[in-house]
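Here is a short report for a reader new to this structure.

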Amino acid sequence: MALKSDACEHIASITAGNSGTDNYSFSSIPQTYKHLQVIMSAATTGYESYLLCYFNDDTTMYSYAVAYGDASGEASVLYNGNVTYAYIGWLGAFAGAGAKGNLEMWVPNYTSTTHYKAGLTRMGSKASNYTAAFAGGFHWSEYNSAVTKITFELAHTSGDFMGGAGNAYDSQFDLYGWL
Amino acid sequence: MATGDDGYIKIAEYTSTTSPFTFSSLGGSGIAGLRIVASIRHANSGLEWLGMRFNSNSGNYHQVVYRTFQNGSVGHGYQPTYGYNNKSQAYMYNCAPGSNNQYFFTPYVFDVYGSAPNAISGYNMGHWHAYESQSGASNHPRTMLGTYQMEDVASLSSIYIFNGGYANWQPGTIFSLYGFGRADDNELFSASG
C-alpha cells in the first residue's frame, strides 16, 4: 500500500528507557511547520500522577481548563491560572498491557511571536485503580518566543514514566509537524 | 489532489483579517474528511462565537456544545450549555475578543466527516475543540467542545466561516484546512477478502 502525505510529517519519537525519568522533552523543534501535534501512550511506575506540560523550560504563567469524567459518574473540571505548569490530567499507574494513558495534543501556530502559545489536549487514562477521560486546553503567557521545546512531566514524586521493557508497555511520545 | 495522495493533504490556508470567508471548490477533490486547525482572535470587544456553514446552507444544523465553568457552578463547573436543533449554522464558542490582552488567541481543532464512506456526502457531521482564556480575574480559562450534524445529503463543496459578531479577525489569525485522502486508487480504505 503506497501512502503519501504532504501535510503531516513525523518529526521525532521518544521511547522511555529504564533510567527512572519523570520527564521527557522534544527539543530543538523545527520551526518550519504551522502547527504541532503530539501523540503519547504512557503510564507511570508508581502511583497515578498529574501529567504536566510546559514549553521552552519555562515554568511560569500557564492557565488551563480540563473537563474530565471518571468513576464518580459526574463530569467535572480542573482549572487554574498563573501557575507553573499546564495540567493535562491524571496519568495512571501501570495496569497491564494496553492499559495506559493515551494523549493527543495540538499546538497551533507555535512559531508565532505575536501571541500566547496554546495547547489543546485530549486524553484517556486507564490505571489499576483509576480510569478517566479528559479534554482540555491551556495558554502559555509568552508571546515573543516560538515553541522550541515541549516537556511532559509527572507531578508525583514517586513515579516515573514506565519504560525499559522493550515492548508495548513502554511509554511512547511522537511529535508531528503540520505544514 | 492527485491519485495516490491518500494521507493528510494540505488544502488551503486563510490568514486574512476579513470575515466572512469561504473555503471553496472542495467537491470532487477526493477527500474523506477535513480538519481545520486554527488560532483565532476577533476584532470585537466582547466574546463572540464562530459560525460555520456548509454548501451555503443556512438551516438544519443540529448540535450540542459543552463548556467548562468555574468550580462551584452547576454540575461541578461543567454542564451542557447549548443543545440546538435546526439552527442556521454550526456554532463554536468563544473567540478571544479584541478588547482584551492582545496576545490571547483561541486555539481550535475542527474535524468534518460525511456519512457516506470515503466522501463528505450524506449528512455531514463534525466535532470541534477549543480553549479560551483572557486576562482578568473574571475571565477564567475554559475548554469548549461541540458536535454537530448538518441535515443535507449534498456532497460538501464549501465551508463558509464567519465571526458571529460580524467583525473581522485580528492580524495573526490563521485557519489551516487539511484533507484526509481517500481511496482514489483504492489504497487507503480498500477492504480485503
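The model is predicted.

Asn82(A) has 9 C-beta neighbours inside 10 Å, so it counts as exposed. Asn82(A) sits in strand β6 of chain A. Its phi is positive, about 55°, although Asn82(A) is not a glycine.

Asn56(A) also has a positive phi, near 55°, and is not a glycine. Asn56(A) lies in the loop between β4 (49-55) and β5 of chain A. Asn56(A) counts as partly exposed because it has 18 C-beta neighbours inside 10 Å.

| Residue | Phi | C-beta neighbours inside 10 Å |
|---|---|---|
| Asn56(A) | near 55° | 18 |
| Asn82(A) | about 55° | 9 |

Most residues other than glycine have a negative phi, and most peptide bonds are trans.

Chain B has a cis peptide bond, from Ser19(B) to Pro20(B), with omega near 0°. Where is Pro20(B)? Pro20(B) is in the loop between β1 (8-14) and β2 (21-23) of chain B.

Now the contact between the chains. On chain A, 39 residues are in contact with 35 residues of chain B. Several strands of chain A each supply at least two residues of that side: β5 (62-70), β6 (76-83), β8 (101-108), β9 (117-126) and β10 (131-140). By class, the side of chain A that touches chain B has 22 nonpolar residues, 12 polar ones and five charged ones.

Technical notes
Residues are numbered from 1 along each chain as its sequence is written. Chains are lettered from A and ligands numbered from 1 in the order in which they are written. This is a predicted model: local features need pLDDT of at least 70, side-chain atom pairs count only at pLDDT 80 or more; totals for chains, interfaces and linings use all residues. Two residues are in contact if their C-beta atoms, placed from the backbone, lie within 7 Å. Helices (H or I, at least four residues) and strands (E, at least two) are DSSP runs, numbered from the N terminus. Ala, Val, Leu, Ile, Met, Phe, Trp, Tyr, Cys and Pro count as nonpolar, Asp, Glu, Lys and Arg as charged, and the others, Gly among them, as polar. A residue is buried if 20 or more other C-beta atoms lie within 10 Å of its own, exposed if 12 or fewer, and partly exposed in between; C-beta atoms are placed from the backbone.
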